[in-house]
Amino acid sequence: MARYSPLVIDHFDRPRNSGRLPAAPDVIEASAGSVAQGTSFHLSARLSGESIMAMQFEAYGCPHCIAAASWTTEHLVGSPIEALARWDWRPVAQALEIPAEKRGRMLILQDAVKCLAEIGLQPP
Amino acid sequence: MSSPIYLDYAATTPVDPRVADRMIECLRPEGAHGNPSSASHEFGRRARELVEKARVQVANAIGAKPATIVWTSGATESDNLAIQGVARFHADRGRHIVSSKTEHKAVLDALKQLEREGFDVTYLRPGVDGIVQPEQVREALRPDTILVSLMHVNNETGVIQDVGAVGRLCRERGVLFHCDAAQSIGKVPVDVEAMQIDLLSMTAHKAYGPKGVGALYVRRTPPVGLRPILFGGGQEFGLRSGTLPTHQIVGMGAAFELAIAEKDEDVDRLRSLRERLWQGIAKVGDVEINAESADRVSNILNVTFHGVEGESLQFALRAVAVSAGAACSSGSDEASYVLRALGRTDQQAQSSLRFSLGRFSTTAEVETAIAEVQREVGRLRQIASG
């Protein structure tokens, strides 16, 4: 069995912000990956002005994926929307000690975050 | 966390305490520390006596004569000795071998080695039920076929092959038949004469015996023709050199004797426990038994959990020791080749778990396992899709 860091185990066993925000005018959402690929993420965020007020995720994937999505939503809530555009996989990979062979899955999470940024930064 | 529940008996079994007692007797100073090949003194003769008693016990378990049993280090060595031994002995007669895609790696990797040496191997694909039809074997045979190697009970799905039909076919065509029976002893009847098997691989540790000892049945009349793969002191009729590990062999003999004596009781009890396990697992919905329609041994249940990723499933169920249909936890992302051969997609194969029950499994353990599966599968599906 793969070795998981304590933080991965914590987020896997007690994921933060798991679920999907109900559709609303101030809620944006984005997806990346697929079940067939073995990894998929769906992110939803409630915006208020230029800030992310709430964020939820759905994740199909290995424990690293679930933990990474959980950690990411926890860290993005309260950030400006621009933080989504600047987000990349490295901080989460470092914080959770994600092994090199799982980095490709983190890029799928990055795709979902970037997609969310594009939607959030679109002019109304 | 309390100790995990062990439901991985198809991987290996704990040593039965009755077997351990017999082995410990050998290991004590007053036991049997002599070399069984030292016929010139009492210590050696005492060890030899125990080795030969175990040979009878193992032979009786498969309907064979004791002189047909060759001690090895386990089923992997038995498979290698059978396959490489036959191939090298009979290479002048032909260089074609027939096997299947769902064999154990000990068979597949031995065959791959022979392919590197210029042999030609046909790997038959079983149906979705995991069964290789004897007709497939018949169609694959060629004038230069020297060996058919087909396992009796599949270690991942528990599917029981009709090796008797394949044995008859091979005997009619004058082709040697090797059968890996590592999972069979104590679970299904094995009779090498009735099944017309020429070489049969066995191991002790799947039948509540110790790890590190096994045996190969080698038909004597007429002789199979086998070239050894280990050379040294010429033990075991010249087929397997090396000092015999008396305590291991005694353990295997005792384990096989118990396995046969208690087979019917074990099989009935485990079938009932497995049924209870499946009824509980099925309540989570969107689950399937792999190779459900085939005749399977009573202790193995291989289940695909749709909508749940395999590595997360296995980690979420870490309170239950089971085997995944995936090796992705090692980072290889390789799905079970056995389930893939049965038509499962990579994703389905990775989302499959093998539950295997055994002699020491209890109803309480099964109930706990069911509760874990229901809670964790529900939780992961919730995370995946709200």
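Me: Which residues meet in the salt bridge that involves Asp13(A)?
Reply: In this predicted model, the side chain of Asp13(A) meets the side chain of Arg318(B) in a salt bridge, with a distance of 2.6 Å from N to O.

Me: How many salt bridges does the rule find across the interface of chain A and chain B?
Reply: The rule finds 2 salt bridges across that interface, and it also finds 8 residue pairs in polar contact there, both residues of each pair being at pLDDT 80 or more.

Me: Which elements of chain A supply residues to the side that touches chain B?
Reply: Helix α1 (6-13), strand β3 (51-60) and helix α2 (63-76) of chain A each supply at least two residues of that side, and the largest share, 4 residues, comes from β3(A).

Me: And what classes of residue does that side of chain A have?
Reply: The side of chain A that touches chain B has 14 nonpolar residues, together with 5 polar and 5 charged ones.

Me: OK, what about the area buried between the two chains?
Reply: The size of an interface is often given as the accessible area lost when the parts come together. Between chain A and chain B the buried area is about 1800 Å², of which carbon and sulfur atoms give 55%, and the contact involves 24 residues of chain A and 20 residues of chain B.

Me: Changing topic, which residues have the most contacts inside the largest nonpolar core?
Reply: They are Leu84(A), Ile281(B), Phe305(B) and Phe355(B), in a core of 68 residues. A second, separate core has 42 residues, among them Val98(B), Val163(B), Cys170(B) and Ala259(B).

Me: What does Phe305(B) touch?
Reply: Leaving aside residues up to four places away in sequence, Phe305(B) touches a list of residues that includes Ile281(B), Leu313(B), Leu353(B) and Phe355(B), and also Asp286(B) and Arg381(B).

Me: Now Asp8(B): is it buried or exposed?
Reply: Asp8(B) counts as buried because its relative accessible area is 12%, and the cut-off for buried is under 20%. Asp8(B) is placed in the loop between β1 (5-6) and α1 (17-27) of chain B.

Me: Which side chain is joined to that of Asp8(B) by a polar contact?
Reply: The side chain of Arg354(B) is, through a polar contact of 3.0 Å. Not counting residues up to four places away in sequence, Asp8(B) touches Arg354(B) as well as Ala321(B), Val322(B), Ser323(B) and Ser356(B).

Me: Last one, where is Ala349(B)?
Reply: Ala349(B) is in helix α11 of chain B, which covers residues 346-350, and Ala349(B) is buried, with a relative accessible area of 0%. The C-alpha atom of Ala349(B) is separated by 9.5 Å from that of Asn290(B), although these residues are 59 residues apart along the chain.

Methods: Residues are numbered from 1 along each chain as its sequence is written. Chains are lettered from A and ligands numbered from 1 in the order in which they are written. This is a predicted model: local features need pLDDT of at least 70, side-chain atom pairs count only at pLDDT 80 or more; totals for chains, interfaces and linings use all residues. Side-chain values use heavy atoms; hydrogens and water are left out. A nonpolar core is a set of buried Ala, Val, Leu, Ile, Met, Phe, Trp, Tyr and Cys residues joined through side-chain atoms within 4.5 Å. Buried means under 20% relative accessible area, exposed over 50%, partly exposed in between (1.4 Å probe, protein chains only). Contact means heavy atoms within 4.5 Å. Buried area is the accessible area (1.4 Å probe) that two parts lose on being put together, summed over both. A salt bridge is a side-chain nitrogen of Lys or Arg within 4 Å of a carboxyl oxygen of Asp or Glu. A polar contact is a pair of N or O atoms within 3.5 Å; within protein, one must be able to donate a hydrogen and the other to accept it, and residues adjacent in sequence count only if both atoms are side-chain atoms. Ala, Val, Leu, Ile, Met, Phe, Trp, Tyr, Cys and Pro count as nonpolar, Asp, Glu, Lys and Arg as charged, and the others, Gly among them, as polar.
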